[in-house]
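Subject: Structure handover

Hi,

Here is the structure I promised to pass on to you.

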Amino acid sequence: MRPKVVLYNPQAVFYTMPLGLLAIGSYLDRHRYEVVIIDGRLESDPVGAVLAQLEGALCLGISVLTGRPIHDALRISRAVKAARPHLPVVWGGWHPSLFPRETLDEPSVDVTVIAQGEETFGEIVDRLAEPAMNLPDLTGIAGCAFRRDGAVVVNPPRPLRDVNDLPPHDYTLIPVERFFGLKGKRQLDYISSQGCRFRCTFCADPYVYKRGWVGLEPARLGAEIEALAWRYRFHEVAFQDETFFTSRARVEAIADEFIRRRLDLAWTGTLRADQGHRLDDKLLAKCTRSGLRRVMVGVESGSQTMLDWMKKDITLEQVWQTAEKCRRHRLGAIFNIIVGFPGEPDESVADSLNIAKQLRAMSPDFQVAIFFYKPYPGNPIADELLRRGYRFPRTLEEWAGFDYIAGRSEWVTEEKWRLVENFKFYQQLAWGHHHPLRWPVSLAARWRCQRDFYDFPLEKAIIERLRPAARLS
Ligand code: B12
Ligand code: SF4
């Protein structure tokens, strides 16, 4: 019987497929190991589901994002340690990548894996499979940290491996149909690159991937997606890459692949405004012909001063040009905006609301998502806050509650917070594709948004009565 490698994805609010676990599970030699992926989002009793798989297991691997997923990851790790004290528990993903040493303060975690995990985890599993290798001595395995004689050892980092050298992701490891059902659409999540070359000072990517970027060859990507489409009959591919449009030539070749193979699939991806600005109409037309239906654009702020401060390396002019191109090509777009950066003046928040209004007014296919800044760790802004005495969580328990420390950013006034929350609510009514019967409500909401006038919120009260979930937090 092959030894088992059990992988766990913590509970979360969305049903994106667990691509990190797919990646590391697919890398393992399946002639040698049986790989089992358990997703906390799909289980009524996640602890029971994991414990039921431990017979014959070599280790448990968990993928951990900062915030709420830590809560579930801790619960599972502790239950496993209580049941099987000698079974190594390995944490990988973004949080342990940023805090490999600190995460090991938790007794139920034995190993942390930093950044790209395939090769590191593969070597760890091979080491654990050696006879009499119960609690791990992982000396010499780059890209991980572990405890030796009670002290934490952080091994040297592992260089980013070209994703073309890694095997395709084996989707039979997860119940793809169940994800389609939970998403409410036959949409496959797919990752075509890792890392990012940019340097935005609020983002963890430059710290974790050191501004490296590796992307799949278009021919391989085309063949993989075609085979997956035959198998799973999905209608849409959601590219979960940090920056899908990094290489113009690669994007064009991917569009060619979709067209040549007659894939007849819609696809979506992330587009930086500077990349959108450089995309010529011919290529954009080819992309839409190949199925591109929506792009996600990180606008982040309506103030050029703030954009420069956060080293976004885009201009507002590029945002407008990107939006204009999307409109011209009837492309849907989600523009992300963050308000409440440390020290952000009220005028800049107002600038962000203004750009949101103008973008929404440009096309019914445009959406704007506004987030309040939260000092996620692993970037220059968070480092500066730490230097200035900001109290970040210190334990895993505290990090688990991080998402909920406050309903709003500490750096926006109560008044601005209300304004933004009101705008977030009314913009949904004001713009977009609405049934003609809803036009009067739309016009009223548009009038409100344009004037920032949210007194006497009669429509809101009615809608919240009908739909309690829409209530503001
Ligand atoms: C899909 C996604 C989600 C999904 C979760 C998917 C899931 N796992 O269930 C959802 C929608 C829930 C989500 C939510 C959020 N996300 Co998110 N998300 C992503 C996204 C776009 C793709 C993740 C992915 O599948 N990547 C592809 C795989 C192959 O890469 P990977 O997961 O990193 O895995 C590799 C390594 O990390 C490692 N690895 C991963 N797991 C494991 C496990 C083991 C055992 C080992 C050994 C190795 C290992 O090996 C893998 C292969 O190399 C990433 C950006 C990105 N492209 O990575 C952001 C990203 C992970 N999200 C991020 C953020 C900030 C958020 C939000 C806070 C956003 C928000 N403002 O609301 C929320 C809330 C998170 C929370 N606290 O709950 C940050 C990470 C922040 C952090 N410190 O954790 C990222 C990096 C985006 C960014 N650049 O800021 N997200
Ligand atoms: S925000 Fe996007 S573009 Fe900026 S560093 Fe992060 S992943 Fe790269």
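The shell around ligand 1 is made up of 19 nonpolar, 13 polar and 6 charged residues. Please keep in mind that this is a predicted model. Of the 38 residues around the ligand, the ones that come nearest are Ser63, Thr66, Glu118, Gln194 and Glu242.

Glu118 has a side-chain N or O atom 2.7 Å from an oxygen atom of ligand 1. For Glu242, a side-chain N or O atom is 2.8 Å from a nitrogen atom of the ligand. Trp94 places a polar side-chain atom 3.1 Å from a ligand oxygen.

Which elements supply the shell? At least two residues come from each of α1 (19-27), β3 (57-63), α3 (68-83), β4 (89-92), α4 (94-98) and α6 (118-129). Among the contributors, α1 gives the most, with 5 residues.

Now to the domains. The domain assignment of the protein gives domain 1 (4-154) and domain 2 (185-412), and each of these provides at least three residues to the shell around ligand 1. The centres of the two domains, taken over C-alpha atoms, are 28 Å apart. Where the domains touch, 21 residues of domain 1 are in contact with 23 residues of domain 2.

I also looked at how some of the helices pack. The axes of α15 (residues 346-362) and α18 (residues 414-430) come within 11 Å and cross at roughly 5°. Angles under 35 degrees count as roughly parallel, so α15 and α18 are roughly parallel to each other. On the α15 side, the contact is made by Asp346, Val349, Leu353, Ala356, Lys357 and Arg360, and on the α18 side by Lys416, Leu419, Val420, Phe423, Gln427 and Gln428. By class, the residues of this contact divide into 6 nonpolar, 2 polar and 4 charged.

Helix α18 also meets α20 (residues 458-466), with axes that come within 11 Å and cross at roughly 80°. The residues of the contact between α18 and α20 divide into 4 nonpolar, 1 polar and 3 charged.

Over to you, and happy exploring!

Best wishes

Conventions:
Residues numbered from 1 in each chain as written. Chains lettered and ligands numbered in written order. Predicted model: local features only at pLDDT ≥ 70, side-chain atom pairs only at ≥ 80, totals over all residues. Heavy atoms only, no water. Axes fitted to C-alpha atoms, helices over the stretch in contact; angles between N-to-C directions. Helix = DSSP H or I, 4+ residues; strand = E, 2+ residues; numbered from the N terminus. Parallel < 35°, antiparallel > 145°, perpendicular 65-115°, else oblique. Contact = heavy atoms within 4.5 Å. Nonpolar A, V, L, I, M, F, W, Y, C, P; charged D, E, K, R; others polar. Near = heavy atom within 4 Å. Polar contact = N/O pair within 3.5 Å; in protein donor to acceptor, adjacent residues only side chain to side chain. Domains from an automatic or database assignment.
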